[in-house]
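I opened my notebook to go through one protein, a bit at a time. Here is what I looked up, in the order I got curious.

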Amino acid sequence: MHQIRVVNPANSKVLGTIIAYNKSRVASTVKKARAGFSAWAKTDFSDRKNVLLKYCSLLGKRKKQLAETVTAQMGKTITSSLDDAAGASQETKWFVNNAKSALAPEKIDKKSTLLWEPMGVVACIKAWNYPLDLVSWSAVPALMAGNAVV
């Protein structure tokens with residue numbers, strides 16, 4: 001199993017290691033997400049909302065710790081990392097609180113209605129520059145819609 005060293009760019013200190021995902025490991029992760037998808041898709045909308053609001057609360061409570069980790073791993077200023085964490089919390093709350101109206105059935109014409117239904121596993125591949133904030137933009141709406149996310 002190949003591991004990648006996580007290095008603080010400011011002082012070259014090795015912070016730890018992460019496991020590099022190969023094709024097999026990605027497939028295994030997606031398989032696990034598919035296994036959990038049907039239960040999550042059937043989870044009541046208000047229960048999904050509560051789970052993600054709890055996540056939002058944890059982001060807020062751990063903002064400083066998360067910002068310090070982002071700064072150490074990326075070399076961003078602590079101010080920028082704190083903004084990233086605060087943004088993630090605010091956007092998560094916004095997406096969660098607006099999901100019901102955004103996902104409501106939409107009448108197109110007399111015979112057609114647009115329905116939003118869970119589709120399965122959603123891959124959220126994001127830029128690295130705002131690791132907390134950008135994940136909220138894709139993962140949270142997908143989860144609120146009843147999808148699994150990797």
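**Entry 1: a tryptophan in a loop.** I began with Trp116, which I found in the loop between β4 (113-114) and β5 (121-122). Those labels are DSSP runs numbered from the N terminus: helices are H or I with at least four residues, strands are E with at least two. Trp116 counts as partly exposed because its relative accessible area is 49%. The cut-offs I used: buried is under 20% relative accessible area, exposed is over 50%, and partly exposed is in between, with a 1.4 Å probe and protein chains only.

Which residues form a nonpolar patch on the surface with Trp116? I got Ile108 and Leu114, and the three have about 300 Å² of accessible area together. A patch takes residues with over 30% relative accessible area and no salt bridge; nonpolar side chains (Val, Leu, Ile, Met, Phe, Trp, Tyr) are joined within 5 Å, like charges within 9 Å. The areas come from the Shrake-Rupley method with a 1.4 Å probe, and for residues only the protein chains shown count as cover.

**Entry 2: ground rules.** I noted that this is a predicted model, where local features need pLDDT of at least 70 and side-chain atom pairs count only at pLDDT 80 or more, while totals for chains, interfaces and linings use all residues. Residues are numbered from 1 along each chain as its sequence is written, and side-chain values use heavy atoms, with hydrogens and water left out.

**Entry 3: the whole protein.** I listed five helices and six strands. Reading from the N terminus, I wrote the order down as β-β-α-α-α-α-β-β-β-α-β. The C-alpha atoms fill a box of roughly 65 × 35 × 25 Å along the principal axes. Of the 150 residues, 26% count as buried. The accessible surface comes to about 10200 Å², and 58% of that belongs to carbon and sulfur atoms.

I looked at contacts too (heavy atoms within 4.5 Å). Among those with a separation of 6 or more, 60% are between residues 24 or more positions apart.

**Entry 4: a salt bridge.** How many salt bridges does the count come to? It comes to one, where the rule asks for a side-chain nitrogen of Lys or Arg within 4 Å of a carboxyl oxygen of Asp or Glu. The partners are Glu68 and Lys64, at 3.4 Å from N to O. Both lie in helix α3 (residues 63-74), four residues apart, which is about one turn of the helix. I put Glu68 down as partly exposed because its relative accessibility is 40%, and Lys64 as exposed because its relative accessible area is 57%.

**Entry 5: rings.** I searched the whole structure for aromatic pairs and got one. Trp94 and Phe95 are edge-to-face, with 5.4 Å centre to centre and 75° between the planes. Trp94 is exposed, since I have it at 52% relative accessibility.

I also spotted Lys76 over the face of Tyr130, 3.8 Å from the ring centre. That needs NZ of Lys or CZ of Arg within 6 Å of the ring centre and within 35 degrees of the ring normal.

**Entry 6: two buried residues.** Is Leu52 buried or exposed? Leu52 is buried, because its relative accessible area is 5%. I placed Leu52 in helix α2 (residues 45-61). Leaving out residues up to four places away in sequence, Leu52 touches Thr92, Val96, Val140, Leu143 and Met144. Leu52 and Thr92 are 40 residues apart along the chain, yet their C-alpha atoms are separated by 7.5 Å.

Ser138 is in helix α5 (residues 133-144), and counts as buried because its relative accessible area is 19%. Beyond its neighbours within four places, Ser138 is in contact with Cys124 and Lys126.

Entry 7: Most residues other than glycine have a negative phi. Ser12 is not a glycine, but I found a positive phi of about 65° there. Ser12 sits in the loop between β1 (3-7) and β2 (14-19).

Note on methods:
Rings of Phe, Tyr and Trp (its six-membered ring) pair if their centres lie within 6.5 Å; planes under 30 degrees apart count as stacked, over 60 as edge-to-face and the rest as tilted.
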